[in-house]
Amino acid sequence: MSVAGINVLVEETRALAAEKAGVRKTLLSVRGVSTYYGSVAALRGVDLDVTEGEIVTLIGANGAGKSTLMMTIFGAPQAREGTITYDGREITRLPTHEIARLAIAQSPEGRRVFPRMSVHENLQMGAALHNGQYFAQDLERVCALFPRLKERLTQRAGTMSGGEQQMLAIARALMSRPRLLLLDEPSLGLAPLVVKGIFDAVRDLNRRDGMTIFLVEQNAYHALKLAHRGYVLVNGRITMSGTGRALLADPAIKAAYLEGGHGAPVEA
Amino acid sequence: MDVFVQQLINGLTLGSIYGLIAIGYTMVFGIIGMVNFAHGDVFMVSSFIALIGFLILTTWLGVSSIALAFLIVLVVSMVLTALWGWAIERVAYRPLRGSFRLAPLISAIGVSIFLSNFVQVAQGARNKPLPPMLSGGITLFETDGFQVFLSYKQCLIMAVTAVLLTGFWYLVQRTPFGRAQRACEQDRKMAALLGIDVDRTISLTFVLGAALAAVAGVLYLMYYGVVSFSDGFVPGVKAFTAAVLGGIGSLPGAVLGGLIIGLIETFWSAYFSIEYKDVAAFSILAVVLIFMPSGILGRAEVEKV
């Protein structure tokens with residue numbers, strides 16, 4: 001049996017275990033959310049749940065509204081209709097920085113590292129909420145996850161390669177000690193080997209640290225393989241949902257997102 | 001040589017004052033991308049606060065120690081002016097955030113007009129003198145009957161500027177607030193995603209800029225011994241020029257630009273004609289910007305995406 005085969009098996013067992021447990025609580029719940037840019041609707045009545053301990057992925061084409069959903073969860077922009085609940089508390093109308101203080105972190109679209117700050121300072125910004133209380137130990141933790149960052153601590157973030165910036169963006173999000181981590185297209189524009197490294201790190205975070213992860217991806221194959229459950233977003237609406245494996249096997253998804261499209265399987 | 005050294009001293013003194021004001025322009029521009037045209041008038045207001053403070057302390061309360069009076073006036077003026085800076089941002093700029101780009105600019109011009117007219121009505125239109133204080137100085141050397149003279153006032157101005165700029169530099173580069181401030185400058189939305197209260201950071205930026213302008217205002221009043229309601233305009237424009245010359249958005253650039261403008265102005269006055277000193281300063285600005293559009297220490301925006 002190939003390594004990939006074993007991975008699939010492991011995923012199935014995990015998904016089953018998660019279902020059996022059943023009692024896990026919903027961490028993030030999005031209900032009927034519509035977001036507009038001016039008068040243009042970017043999201044139309046999105047329903048979505050993320051349960052504690054899960055990796056949930058949202059796949060969709062360019063412009064489907066994936067990143068808008070990520071930012072709407074953070075109240076920038078705020079949803080015009082619907083509600084967003086996190087850990088039993090409604091956060092739909094909270095200002096962005098107060099949502100961040102509830103232990104939700106985001107590695108946003110386009111990475112958005114602070115280009116004229118060093119890697120170290122970027123990580124300090126990630127830990128800004130804790131006033132440096134856990135900084136030393138968390139720094140060690142993210143450096144273990146991304147050893148490359150350790151070599152670059154004093155470098156200005158804007159001068160690093162795309163892959164390194166992506167690692168920094170994820171590491172910075174981790175520095176806030178989130179319970180829920182939102183990752184927006186961590187694979188965008190990166191070499192396959194780097195993508196693999198980042199996805200491995202995400203898997204580790206979920207399995208080892210039990211972190212809940214909501215992953216937005218265009219790279220549907222890798223994302224669905226990694227995730228327990230997935231949603232498909234088309235033109236601002238959720239059109240399908242199911243376990244990662246079920247979606248991966250779905251002919252419609254295969255045709256639209258896997259074959260000939262981006263994220264075709266590249267097995268080493 | 002002697003004239004040169006003397007003008008160097010005078011130029012650095014003037015340049016320190018411009019530099020202190022220029023920081024307020026450059027920080028505000030850095031964080032919200034607007035030119036705060038009211039900043040020069042905030043500086044003028046601080047001079048009046050200092051004038052009133054000095055008069056209360058020396059004539060009414062009979063404080064005879066100049067050092068003590070200076071310290072009290074400096075602190076009071078910084079606090080009150082910072083309050084003005086905070087209020088202006090809150091009332092005139094924050095409601096316009098997210099509006100079209102020119103809206104806060106027009107609002108700033110409005111605030112500028114309001115401040116100078118308010119002071120004119122409240123304090124009168126004449127020049128307000130301050131009784132001379134802290135006279136004397138050190139004669140550095142003398143050649144052919146020309147004394148190179150460093151007055152105590154000039155020492156004070158340069159020393160206060162140096163100390164405050166060092167403290168300020170530390171604040172921006174080494175403290176969590178400074179880091180948050182720089183983060184907001186580079187990417188406001190991202191800073192908010194990390195839990196930074198962006199509105200509060202912007203408020204504090206205005207407060208800091210106004211406090212530094214207040215230091216400049218106190219020093220300006222002591223140096224020239226006179227202030228009028230219209231004194232916000234020319235030093236304000238010069239400091240803005242200094243910020244642009246140094247590279248707007250850059251803190252060291254603002255100080256460097258201030259020193260350069262101060263030096264150009266004094267040297268031109270000494271060697272050519274005093275009437276054209278402002279023309280000289282602005283001409284050099286124009287020339288520099290033709291060849292270095294982003295200013296001396298400004299960044300040419302090349303960043304990996």
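**Close-up views of a predicted two-chain model**

**View 1. The contact between chains A and B.** The contact draws 22 residues from chain A and 18 residues from chain B, where two residues are in contact if their C-beta atoms, placed from the backbone, lie within 7 Å. On the side of chain A that touches chain B, H4(A) gives the most, with four residues, and the residues of that side comprise ten nonpolar, eight polar and four charged (nonpolar: Ala, Val, Leu, Ile, Met, Phe, Trp, Tyr, Cys and Pro; charged: Asp, Glu, Lys and Arg; polar: the others, Gly among them). Helices (H or I, at least four residues) and strands (E, at least two) are DSSP runs, numbered from the N terminus. This is a predicted model, in which local features need pLDDT of at least 70 and side-chain atom pairs count only at pLDDT 80 or more, while totals for chains, interfaces and linings use all residues. Residues are numbered from 1 along each chain as its sequence is written, and chains are lettered from A in the order in which they are written.

**View 2. Strand E8 of chain A and its partners.** Six of the six residues of E8(A), residues 212-217, are buried, meaning that 20 or more other C-beta atoms, placed from the backbone, lie within 10 Å of a residue's own. Strand E3 (residues 55-59) of chain A runs parallel to E8(A) and is joined to it by five bridges, with Val56(A) opposite Phe214(A); two strands pair if DSSP finds at least two bridges between them. Strand E7 (residues 180-184) of chain A also pairs with E8(A) in the parallel sense, over five bridges, and Asp184(A) has Val216(A) as its bridge partner.

Methods:
Buried ≥ 20, exposed ≤ 12 C-beta atoms within 10 Å, placed from the backbone.
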